Amino acid sequence: MSEENQTQQAPAQPPAEGAAPAPVPKAMSLMDAIPEVLKHSLYNDGLARGLRECAKALDKREAHVAILAQNVNEDAYVKLVEALCKEHNIPLLKVPDSKQLGEWAGLCKIDAEGNATKVVGCGCVVVRNYGEESEALNVLRQSLQKN
């Protein structure tokens, strides 16, 4: 026998009748992309959390994007972050809850089951370094270009 006959592949078989079709990937929304981008940024030490760190990063023009919680009670806090973003032309995104933003920024404990516990609220987060390229980062960039 020649080598060609030995290396022939079996013809592709159609999927079995009971097998489910491959799931179609759902388009990622901005609110799904933000936590992933923040996670990558946190791993690469590119995240400023809290008013003091955020104000420093915004003033030094190190920020790529700022994220502000909408339920912050202090008006001066919101005005400062918005003014620094506007002055230095840094995009500002708003999320509904500070506890959720704190969880996304890593201000919590993770239990054995992978659930977040002891979540600390965070009013503002600034991304100084995105980390690695990902689909979530592309979704975030597209959203920022639209605005």
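Figure 1. Helix α2 has 14 residues and reaches 20 Å from its first C-alpha to its last, close to the 20 Å expected at 1.5 Å a residue. Here the expected span is 1.5 Å times one less than the number of residues; helices (H or I, at least four residues) and strands (E, at least two) are DSSP runs numbered from the N terminus. Buried in α2 are Ala33, Ile34, Val37, Leu38, His40 and Ser41, where buried means under 20% relative accessible area, exposed over 50% and partly exposed in between (1.4 Å probe, protein chains only). Seen down the axis of α2, its buried residues fall within an arc of 165°, so they line one face of the helix; the arc is that of the directions from the helix axis to the C-beta atoms. These buried residues pack against β1 (47-49), β2, β3, α5 (98-104), β6 (124-127) and α6, a contact being heavy atoms within 4.5 Å. After α2 comes aspartate 45, with a positive phi near 55°.

The model is predicted: local features need pLDDT of at least 70, side-chain atom pairs count only at pLDDT 80 or more, and totals for chains, interfaces and linings use all residues. Residues are numbered from 1 along each chain as its sequence is written, and side-chain values use heavy atoms, with hydrogens and water left out.

**Figure 2. The whole protein.** The protein has six helices and six strands, in the sequence pattern α-α-β-α-β-α-β-α-β-β-β-α. Of its 147 residues, 33% count as buried. Among contacts with a separation of 6 or more, 72% come from residues 24 or more positions apart. The accessible surface is about 10,100 Å², with 48% of it belonging to carbon and sulfur atoms; areas come from the Shrake-Rupley method with a 1.4 Å probe, and for residues only the protein chains shown count as cover.

**Figure 3. The largest nonpolar core and isoleucine 34.** The largest nonpolar core has 38 residues. Such a core is a set of buried Ala, Val, Leu, Ile, Met, Phe, Trp, Tyr and Cys residues joined through side-chain atoms within 4.5 Å. The residues with the most contacts inside the core are Ile34, Leu38, Leu58, Leu101, Val126, Tyr130 and Leu140. Leaving aside residues up to four places away in sequence, isoleucine 34 touches Ile67, Leu93, Val95, Trp104 and Leu140.

Figure 4. The twelve residues of helix α6 (residues 135-146) should span 16 Å at 1.5 Å a residue, and the 17 Å between its end C-alpha atoms agrees. Its buried residues are Ala136, Leu137, Val139, Leu140, Ser143 and Leu144. They cover an arc of only 160° around the axis, which puts them on the same side of α6. This buried set packs against α2 (30-43), β2 (65-69) and β3 (92-95). The face turned away from the buried side carries the exposed residues Gln145 and Lys146.

**Figure 5. Serine 98 in helix α5.** Serine 98 lies in helix α5 and is buried, with a relative accessible area of 17%. Not counting residues up to four places away in sequence, serine 98 touches Ala69, Asn71, Val120, Gly121 and Cys122.

**Figure 6. Cysteines without disulfides.** A search of the whole structure finds zero disulfides, a disulfide being a pair of cysteine sulfur atoms within 2.5 Å. For cysteine 54, the nearest cysteine sulfur is that of cysteine 124, 3.5 Å away. For cysteine 122, the nearest is that of cysteine 54, at 6.4 Å. Cysteine 54 counts as buried at 0% relative accessibility, and cysteine 122 counts as buried at 3%.
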